[in-house]
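Keep the structure open as you read.

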Amino acid sequence: MSAHWSQFWQTTKTLNSFSASENAFGYRGELLAFWQQQFSNLGANAQVVDLGTGNGALALAAYRYATQHHLNALVHGVDAAAINPCAVFADEANIVGDLRQIQFHPECSIEAMPFKSGSVDILLSQFALEYAECEPAVAACARVLAPKGRLVAVMHHQASDIAYDCAAGLKVIAAFLYGSNFQHDANQLLSLATSAATAEALSLANQQLLQSVSAIEQQLRNELEQEWFGFVMQSFAPLFININTNHQVRFKALLKQLVATYQRLTDQHRAALNQESIVLWVDAFKQQQLDACYEELVIDKQLFGWVLKVSR
Ligand SMILES: C[S@@+](CC[C@H](N)C(=O)[O-])C[C@H]1O[C@@H](n2cnc3c(N)ncnc32)[C@H](O)[C@@H]1O
């Protein structure tokens, strides 16, 4: 699963995956306050591990909290993807200095995390643990947790706004990639425009492309789907104006990016948990002789996810 995540983390200047704009440089507001509360009983010299860290948003929040409270914590971030947050943020002095204090473990799965048994004081996860296979991941967490160790995971909820947005994105992107003539008609127009095609042939190709885009637009059922449609069209539309040979190359690159977005959304959709499936995670931890409980997490008055809390 990790090639598309590797590409995303290496090429996107965002610390975390689900909010590119105001949260791109780390968690803020109520979500940050939630996490700071979880850090409030960190001991000195605590060993902290952020599971599925991405570009390290949560690891960074933990490191900054520990530093501000003069706790000499050692913060790790593991991810199955080939992450390299320090390279991505190399020119962001305020961030990279702190990222360099975190030990990142790229291409490292939760299931095979390399920490000594009983050595980790707190395992953290924001939208990552649930991407792993439940039983091996739970066994790995149980193995590394210290005698008074804890795990706090914020997990995707099937009824959250994030999940609805994800479903809308999947529907719209699938229509562009797999459920319409968009790719065929766009390729046709781009290649005709860079050959000695007649004005009539060009006009026909243009009309066909407009029709396939309009057929996708007619399938949109709500604001979220309209937003995704706008997002996709915003990147493709400039390619069909003043067309030159570079546009064909650019079109291929944009399609590749869209496929990667589709794959990440597919992972996210599969990872989202309903009540029954969060209970399976709780039971799996209990089977490892750990205490486990869950509740819903509301951020800014909206259902954001599940919180799973585990302790030894
Ligand atoms: C939605 S992103 C979350 C990243 C980050 N925690 C954040 O808040 O933005 C999910 C991450 O989990 C990673 N991941 C998925 N399965 C994993 C596994 N079994 N072990 C380690 N990382 C995994 C993916 O590579 C991806 O970077």
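Predicted model: local features only at pLDDT ≥ 70, side-chain atom pairs only at ≥ 80, totals over all residues.

Strand S1 is covered on both faces. Gln-47, Val-49 and Leu-51 are buried on one side, Val-48 and Asp-50 on the other. S1 spans residues 47–51, and five of its five residues are buried.

S1 has two strand partners to look at. With strand S2 (residues 74–78) it pairs in the parallel sense over five bridges. There, Val-48 stands opposite Val-75. S1, helix H3 (residues 57–68) and S2 together make a right-handed β-α-β unit. With strand S4 (residues 120–126), S1 also pairs in the parallel sense, over four bridges. Here Leu-51 stands opposite Ser-125.

Next, helix H1 (residues 2–11). Its buried residues are His-4, Trp-5, Ser-6, Phe-8 and Trp-9. Their cover includes helix H4 (85–88) and helix H11 (246–271).

Now the charges. Side chains of opposite charge can pair when their charged atoms come close. The whole structure holds four salt bridges. One joins Glu-92 to Lys-13, with the closest N and O atoms 2.9 Å apart. Glu-92 sits in the loop between H4 and helix H5 (93–99), Lys-13 in the loop between H1 and helix H2 (29–39), 79 residues apart. Lys-13, Asp-91 and Glu-92 are linked in a network of salt bridges.

Asp-98 and Arg-64 form another salt bridge, at 2.8 Å between the closest N and O atoms. Asp-98 lies in helix H5 and Arg-64 in helix H3, so the pair ties together parts 34 residues apart in sequence.

Glu-225 and Lys-171 also meet in a salt bridge, 3.0 Å from N to O. This pair links helix H10 (residues 223–236) with helix H7 (residues 161–177). Glu-225 is buried at 7% relative accessible area, whereas Lys-171 is partly exposed at 32%.

Definitions and conventions
Residues numbered from 1 in each chain as written. Heavy atoms only, no water. Buried < 20%, exposed > 50% of the residue type's maximum accessible area, 1.4 Å probe, protein only. Contact = heavy atoms within 4.5 Å. Pairing = 2+ DSSP bridges. Right-handed = clockwise from strand over helix to strand, strands pointing away. Salt bridge = Lys/Arg side-chain N within 4 Å of Asp/Glu carboxyl O.
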